[in-house]
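Me: I'm new to reading protein structures. Could you walk me through one, feature by feature?

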Amino acid sequence: RASSRLNRQAAAQLARAREGLLEAERLLPEADFESFIAYVDIRIKLNASSQQSDAAWLAGDLAKANARIAEYNNVDEKGVAMAKTLPVSPAKAVADAYERLAGEATDAYFAARKRATDADTRLNGL
């Protein structure tokens, strides 16, 4: 029963995580959130298999529970492999997108600011 309760809590958290990633993707489509969304989708599928296994086990249907666990293990292998390919964090996806979008403009800004500061220093030295 505890497993069922915890699985339901995990399902709610996974759904919120997916919603957050979709919102981030909507707000900054230039960032690569697809791999994170795909990973959360696998975790959601794993959670569903685990919930089904719990329900079958509690109903006394051990064959069905074991089948769901076998399904879980198969999908989990894919999830583990996918997790190894994910960027460090969604924040990295945002930082990379920012650099692609604003990196050149940021560099130009700091170069102009340095030139202005240098010019101001020369004027103050006169």
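This is a predicted model: local features need pLDDT of at least 70, side-chain atom pairs count only at pLDDT 80 or more; totals for chains, interfaces and linings use all residues.

Me: Let's start with helices. How are two packed helices described?

Reply: Two packed helices are described by the angle between their axes and by how far apart those axes are. Here, helix α1 covers residues 2-27, and its axis makes an angle of about 160° with that of α2, the two axes being 9 Å apart.

Me: How are α1 and α2 oriented relative to each other, and why?

Reply: Angles over 145 degrees count as roughly antiparallel. The angle between α1 and α2 is about 160°, so these two helices are roughly antiparallel to each other. As for handedness, α1 passes α2 in a left-handed crossing. Residues of α1 that make the contact include N7, A10, A11 and L14, while on the α2 side N47 is one of those taking part.

Me: What about α2 and α3: at what angle do they pack?

Reply: Helix α3 spans residues 62-85, and it packs with α2 at an angle of about 165°, with 8 Å between the axes. The crossing of α2 past α3 is left-handed.

Me: You mentioned N47. Is this residue buried or exposed, and why?

Reply: To decide, look at the relative accessible area: under 20% means buried. N47 has a value of 8%, so this residue is buried. It sits in helix α2, which runs over residues 34-58.

Me: Which residues does N47 touch?

Reply: If we set aside its neighbours within four places in sequence, N47 is in contact with N7, A10, A11 and L14.

Me: Where is S53, and what does its side chain reach?

Reply: S53 is in helix α2 too. Its relative accessible area is 7%, so S53 counts as buried. The side chain of S53 reaches the backbone oxygen of A65 at 3.3 Å. Apart from neighbours within four places in sequence, S53 contacts A65, R68 and I69.

Me: Now for rings. How many aromatic pairs are there?

Reply: The count comes to 1 aromatic pair. Y109 and F110 form it, with 5.0 Å from centre to centre and 70° between the planes, which is an edge-to-face arrangement. You can check the label yourself: planes over 60 degrees apart count as edge-to-face.

Me: How accessible are Y109 and F110?

Reply: Values between the buried and exposed cut-offs are called partly exposed. Y109 is partly exposed because its relative accessible area is 47%, and F110 is partly exposed with 43%.

Me: Where do A91 and G20 lie, and how accessible are they?

Reply: A91 belongs to helix α4, residues 90-124, and is exposed, since its relative accessible area is 52%. G20 is placed in helix α1, and its 39% relative accessibility makes it partly exposed.

Key:
Residues are numbered from 1 along each chain as its sequence is written. Side-chain values use heavy atoms; hydrogens and water are left out. Helices (H or I, at least four residues) and strands (E, at least two) are DSSP runs, numbered from the N terminus. Buried means under 20% relative accessible area, exposed over 50%, partly exposed in between (1.4 Å probe, protein chains only). Contact means heavy atoms within 4.5 Å. Rings of Phe, Tyr and Trp (its six-membered ring) pair if their centres lie within 6.5 Å; planes under 30 degrees apart count as stacked, over 60 as edge-to-face and the rest as tilted. Axes are lines fitted to C-alpha atoms, for helices over the stretch in contact, and angles run from 0 to 180 degrees between N-to-C directions. Angles under 35 degrees count as roughly parallel, over 145 as roughly antiparallel, 65 to 115 as roughly perpendicular and the rest as oblique. A crossing is left-handed if the near helix is turned anticlockwise from the far one by less than a right angle, and right-handed if clockwise. A polar contact is a pair of N or O atoms within 3.5 Å; within protein, one must be able to donate a hydrogen and the other to accept it, and residues adjacent in sequence count only if both atoms are side-chain atoms.
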